[in-house]
Amino acid sequence: ALPISLNVRRLQKMACPVLLAATRFFRDAPPDTLFLSTKTDDISNIMKATAAMPFFYRGFVPYGKSLLLDGGVLDAVPYKKALEMGFVEKDILVVLTRPKGYRKYTDSFWVNKLYEAYYRDEQYKFLLSALQNHYDEYNRKLDELERHQRINIIYPPQHFKVNRFGKNEQKIVEGFEQGIFAAKQYINKKRNRMAKRVTLTK
């Protein structure tokens, strides 16, 4: 496979900055979500941080005075940030990586044991609690999202095969193609709705 380079300059020059979520670790307090911008922050480091999965990424990604991990620990579906920034529901599009109706189950006994062993030090007690309750928080966020009927959501198909541990290049490419197809379907539906509105107002 050919290496894919990131066009950092293009990201920095975009009129609309890309915000990336990371989980900020504290020794004496619960972790929180930190949103970092491609306009003002070090893109290579924040991209590493937002993908640093607990346990699988050993340690933390240092950034300034912060220690960061994958933003999905606390906020896997950060649509509320858009609402806080003043966007109205009908202008928000959420792209999910799980089919409609999906909900997480608690991590397996062995995964929890790995977390408990790796984060056994007292300083990690708040982080460990967040990890063990991640599935519940994730499901709550999805429930809340689906109650916002005007927020647009793109779901992958039921046979979507890409997951967070996937390394099969063919499946990943297939997943991208499914995402492009879903996006085109969404755009076509939007165009058809707009065309109907124009026709009705004539």
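## T23 and its surroundings

Leaving aside neighbours within four places in sequence, T23 is in contact (heavy atoms within 4.5 Å) with P31, D32, L67, L68, L69, D70, G71, V73 and L74. T23 sits in strand β1, residues 19-25, where helices (H or I, at least four residues) and strands (E, at least two) are DSSP runs numbered from the N terminus. At 2% relative accessibility T23 is buried; buried means under 20% relative accessible area, exposed over 50%, and partly exposed in between, with a 1.4 Å probe and protein chains only.

One of those contact partners, D70, also comes up in a polar pairing: its backbone oxygen is 2.7 Å from a polar atom of the T23 side chain.

## What kind of model this is

Keep in mind that this is a predicted model, so to speak of local features takes pLDDT of at least 70 and side-chain atom pairs count only at pLDDT 80 or more, while totals for chains, interfaces and linings use all residues. Residues are numbered from 1 along each chain as its sequence is written, and side-chain values use heavy atoms, with hydrogens and water left out.

The structure holds eleven salt bridges, each a side-chain nitrogen of Lys or Arg within 4 Å of a carboxyl oxygen of Asp or Glu. One of them pairs the side chains of K141 and D75, at 3.3 Å from N to O. This pair links distant parts of the chain: K141 is in helix α6 (residues 134-147), D75 is in the loop between β4 (66-70) and α3 (79-84), and the two are 66 residues apart. Both ends are tucked away: K141 is buried with a relative accessible area of 9%, and D75 is buried with 12%.

K141 also forms a salt bridge with E137, with the closest N and O atoms 3.6 Å apart. These two are four residues apart in helix α6, so about one helical turn separates them. E137 is partly exposed, at 26% relative accessibility. Through salt bridges that share partners, D75, K80, E137, R140, K141 and E144 join into one network.

Then there's R103 with D143, whose side chains meet in a salt bridge at 2.9 Å, N to O. R103 lies in the loop between β5 (93-95) and α4, and D143 in helix α6, so the pair ties together parts 40 residues apart in sequence. R103 is partly exposed with a relative accessible area of 23%, and D143 is partly exposed with 34%.

## How α4 packs on α5

Two packed helices are described by the angle between their axes and the distance between the axes. Helix α4 (residues 109-118) and helix α5 (residues 125-132) pack at about 170°, with axes 10 Å apart. The axes are lines fitted to C-alpha atoms, for helices over the stretch in contact, and angles run from 0 to 180 degrees between N-to-C directions. α4 and α5 are therefore roughly antiparallel to each other; that label is for angles over 145 degrees, with under 35 roughly parallel, 65 to 115 roughly perpendicular and the rest oblique.

On the α4 side the contact is made by N112, Y115 and E116, and on the α5 side by L128, L131 and Q132.

## N152 in strand β6

N152 lies in strand β6, residues 152-154, and counts as buried at 11% relative accessibility. Beyond its neighbours within four places in sequence, N152 is in contact with E89, K90, I92, L93, V94, Y186 and K190.

Methods: A polar contact is a pair of N or O atoms within 3.5 Å; within protein, one must be able to donate a hydrogen and the other to accept it, and residues adjacent in sequence count only if both atoms are side-chain atoms.
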